[in-house]
Amino acid sequence: MGILGILIALGLLIWLAYRGWSILLLAPLCALLAALLAGEPLLANWTQTFMSNAAQFVAQFFPIFLLGALFGKLMESSGSVEAIAAYMTEKLGTQRAILAIVLAGAFITYGGVSLFVAFFVLAPMGHALFKAANIPHRLMPAAIALGTSTFTMSAMPGTPAIQNAIPMPFFGTNPFAAPGLGLIASAIMLAFGMWWLSRAEARARLKGEGYSYAGSINPNDAAEDELVRERATTAREFDPGEIKRGGHASSLPSFRLAALPLAVVVLTNLIMSFVVLPRMDVSFLQDARWGNTSLAAVGGVWSVIVALATAILVLIATSHRRLPSLRATMDAGANASVLPILSVASLVGFGAVVAGLPAFEVVKNWVLGIEGGPLVSLALATNILAALTGSASGGLTIALDALGPAYMTIAKEIGLDPGLMHRVAVIGAGTLDSLPHNGAVVTLLAVCGSTHKESYVDIVMAAIVGALIALVAVIGLGTVLGSF
């Protein structure tokens, strides 16, 4: 009954989550159902396994969730995100409308702004730009997804996305793991996505299809939809319910001033990872007081924390006069981090209970025994779990909690670079997480005023197929050439 119990619990979790039930309720209930069907103690699984693993995830990553949501909200309320998007669209114009939206989204999210914040700013601008260029609005969600949810989330070296931070404590890596392979993967995702969208635009023009959207353009309507919000908070690190709170600047900053905090994130992350932390004496971390840990286990997270905190200070110093209410904006940003991290932590707790069941050994041995080597099995594990949970961060953490130590043992035995495993795991988690039930997909479609029927095929091609091609390329190059 063990394997069947796991499948029943997982199926119930997916089905009820898709119908809008809170993951905070579903995760412990389904975990206990799996334990019950396996004949395991219920209360011990809840308090000792589920809660301890959920709490550990919060302890490790809440600073990144908090600072990331706060930074995103400050960038949105100060008008910085809008100013950057406006600059991109102005420079590239209607002749390259799709490219303008893609690059605007990429620039913003690589600098540390949550993709949900980007959604709510880019959608109105996208409508205006696509209308001027007479491009069907059904292509807009795929263009936004390509810029915000693919290479800047999983492949670009140094990205502060939570997905790129999760493998660092498991593999002892930093945000710039396998930088050469990450850049190659990014180029593949961008090139393939732009090829597909350009092809779709050309075919639409041949058919005489143009911009025909006649609905209202008010992204805040999506933020108020409880079903959208419930799904969204398991997918990314920002609660869209807070997007309209805190006010908005009455005037926009210059492009240079708006882009400054994003540059600070990237540069500070780089300096912390390769200059500051390697020179620090952190021998004190081996004391029991600090958890008997090491710089390899915490250094990557520290780099992202310092980068985001520094950027927040720079942003406040340069833009505080444009903010209607600094306190209200910061409160909204802080609040926006709470539901997402508790939702993902609950998924992690569910995964920990399942991984602790005797029947899971069969699953573990099957995964580790997949032909093609550890990189292939790791990619499949993160792909499948991200797809099932509808969350790249949740699926990635569950996979690494259950299999991370085994992969590190294999890596030491065969001389495999942990940085290569880091990059494969993150790219893998960022592919099939964009299935129809994914919260980011549901939110994006709602914000853009589109539907799965109209736009999902293009999202699949731009956000999933391109990422899968990049993943295969990274595994192939990494197997032959190693990490670089």
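Which residues touch the most other members of the largest nonpolar core? They are Phe-57, Phe-61, Phe-71, Phe-130, Phe-350 and Met-421, in a core of 148 residues. Such a core is a set of buried Ala, Val, Leu, Ile, Met, Phe, Trp, Tyr and Cys residues joined through side-chain atoms within 4.5 Å. Buried means under 20% relative accessible area (1.4 Å probe, protein chains only). Helix H6, residues 115-133, gives the most to this core, with 13 residues; helices are DSSP runs (H or I, at least four residues), numbered from the N terminus.

This is a predicted model: local features need pLDDT of at least 70, side-chain atom pairs count only at pLDDT 80 or more, and totals for chains, interfaces and linings use all residues. Residues are numbered from 1 along each chain as its sequence is written, and side-chain values use heavy atoms, leaving out hydrogens and water.

The axes of H1 and H16 are 11 Å apart, at an angle of about 170°. H1 and H16 are therefore roughly antiparallel (an angle over 145 degrees). Here are the residues that make the contact (heavy atoms within 4.5 Å):

| Helix | Residues in the contact |
|---|---|
| H1 | Ile-6, Ala-9, Leu-10, Leu-13 |
| H16 | Leu-347, Phe-350, Val-354 |

Leaving aside neighbours within four places in sequence, Phe-350 is in contact with residues including Cys-30, Ala-31 and Phe-50.

Finally, look at Thr-152, in helix H8 (residues 151-154). Thr-152 is buried, with a relative accessible area of 3%. A polar atom of the Thr-152 side chain lies 3.4 Å from the backbone oxygen of Gly-147.

Terms used: Buried < 20%, exposed > 50% of the residue type's maximum accessible area, 1.4 Å probe, protein only. Helix = DSSP H or I, 4+ residues; strand = E, 2+ residues; numbered from the N terminus. Axes fitted to C-alpha atoms, helices over the stretch in contact; angles between N-to-C directions. Parallel < 35°, antiparallel > 145°, perpendicular 65-115°, else oblique. Polar contact = N/O pair within 3.5 Å; in protein donor to acceptor, adjacent residues only side chain to side chain.
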